[in-house]
Amino acid sequence: MALFLCLQAAAQSLVLLHTNDTHSNIDPDASGVGGILQRKAIVDSVRKAEKNVLLIDAGDMVQGTLYFKFFGGDVEYPLFNMMDYDIRILGNHEFDNGLDELARHWKGVKADRLSANYDFSDTPAAGLFRPYVIKKIEGRKVGFIGLNVDPTSLISEENYAGMKFKDVIDTANATAAELKRKGCDLVVAVTHIGYRVSNCKTDDLALARASKDIDIIIGGHSHTFVDPKTPDKTPYWIKNAAGRDVLVAQTGKYGRNVGYIKLDLSDFGNRNIDYEYIPVTDRFEPSAYSREMRDFLAPYRHVVDSVNSHVVAWSEVEMENGREVGPYANWTGDFAARFGRQVADSLRRAGVQVAPVAFGMMNVGGIRQPMVRGAVTEGQMLSTFPFSNRMRLIEIAGRDLLETMRIVAPKGGEAVSSEVRVVTDSAGRMERMLLDGADIDPDSAYVVSTIDYVANGNDDMTPMKRHREIWRDDREVSVRILEYLYDMTRLGLPVQADSSPRFIKDVKYDMTE
């Protein structure tokens, strides 16, 4: 009798395992964290222990390592099918190679493909996605909605041409209400909009507060680790418009954690939900790893490992990537300025009149991996700068630079070269932009060395689009950075970093002092 009751209790539960923003991190990192074989072993162990398990991904499963750089998704998509995902949605980086490639890969996706607020009717991806799916589990109906980020100033326009975007909150509320009318006991929104964002776009917290019929939000995009152990830092129970609690979950990035949500199917009304996470480590024996996945990976891994072992430089410092502007952003901005001045010199020698390059500017979101102290490999740099961006020299008005800095300063700034200081108030709002110690003149024109992603006004830097192009490179920025590192190595110079802040709060900074 006791055994029967135990089995009955297990049968009345539902486990939602979830991932987000794995970004082509197929292998564990240097500390043994992450890795798709390790994630599969965790999922398999939970499926063995629990009767009702659904595996969900909230987007951005590609872009960020050599696996995508070299093979364009031909590694990640088959591996995710081998993971047996039940529900998947798009991230913005699934668009990186355009809609034709997106459609090619997603036609073979075995999971339920959801997107309620992207209309692909006039694109190659027409018919591949549906707004929601209803799963019947132990006599209960659970509805799942797919919700995606506003692509404006985030995805390159040519990569989503023809796709129509519908408002997140309006779509979510209408779809959730429809699911409730269809008898769903629980509604789960799987989103790729970000837990908390600062660019005036809808995020998971705003969605939760504006909803009435959504019970759980499983999110991605912002790389936020919503840790149930630190609810003050990352609240995960949010009051909705009706005063009821909505669970908001996200696992961070790079597949370092698997989210674990356990629901009591017999007690939805009291929000009887257990939210945890499972760290992805190398604690498993080799026998726990999928042979099918290992065999599939072997030839691709051989290529990646050969490039990852090729040393091109030596670094004296460790530099972290991420939204926070620091030494790596400074190093990248300084590279842009140096490269742009070399190009300008070459153009002048060819008889082209070019004003001096004022400064360099890159986006911190384009720096995808940290730099470790010691040997720097070719593979590391290709993974750090994986996007198909190209360097450009542009001429732009000072007023447009000032407007751009007003946008990026509250987010912490971007990667700018050493000539620039942006002074902000305590809330991060820009007060002044200085170039070599002098205020930017709104009515003057400045030559800036940057990449096409920034010049095209992405990452919300829309004023940058108002420029005159002087020169455009025909090689990817990662190639130019590798050339720079080779030159430094030939000269016997290690990688060093300037840690001085270039976006400064609460200081009336004067570079002439």
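I began with helix α6 (residues 168-181) in this predicted model, and found that helix α6 lies across β6, β7 (140-148) and β9 (186-192), running at about 165 degrees to β7.

I then looked up the sheet to which these strands belong, an open sheet of 6 strands with mixed pairing, whose order I noted as β6-β7-β9-β10-β12-β11. Its edge strands are β6 (132-137) and β11 (237-239), each of which pairs on one side only.

Next I turned to the cavities, of which I counted 3 at 30 Å³ or more. The largest has a volume of about 70 Å³, and its lining includes Thr-332, Met-362, Phe-385, Phe-387, Ile-451 and Val-477. By class I recorded 6 nonpolar and 4 polar residues in the lining of the largest cavity, with no charged residue.

For the second largest cavity I noted about 60 Å³ of space, and a lining that has His-93, Glu-94, Asp-96, Glu-101 and His-105 among its residues. I recorded 4 nonpolar, 4 polar and 3 charged residues in the lining of this second largest cavity. Which helix gives the most to that lining? I found that helix α5 (residues 99-106) does, with 3 residues.

Terms used: Residues numbered from 1 in each chain as written. Predicted model: local features only at pLDDT ≥ 70, side-chain atom pairs only at ≥ 80, totals over all residues. Heavy atoms only, no water. Pairing = 2+ DSSP bridges. Helix = DSSP H or I, 4+ residues; strand = E, 2+ residues; numbered from the N terminus. Contact = heavy atoms within 4.5 Å. Axes fitted to C-alpha atoms, helices over the stretch in contact; angles between N-to-C directions. 1 Å grid on protein atoms, 1.4 Å probe; cavity = no way out; pocket = protein on both sides within 12 Å on 5 of 7 lines; lining within 4 Å. Points joined across faces, edges and corners; volume = space filled by probe spheres on them. Nonpolar A, V, L, I, M, F, W, Y, C, P; charged D, E, K, R; others polar.
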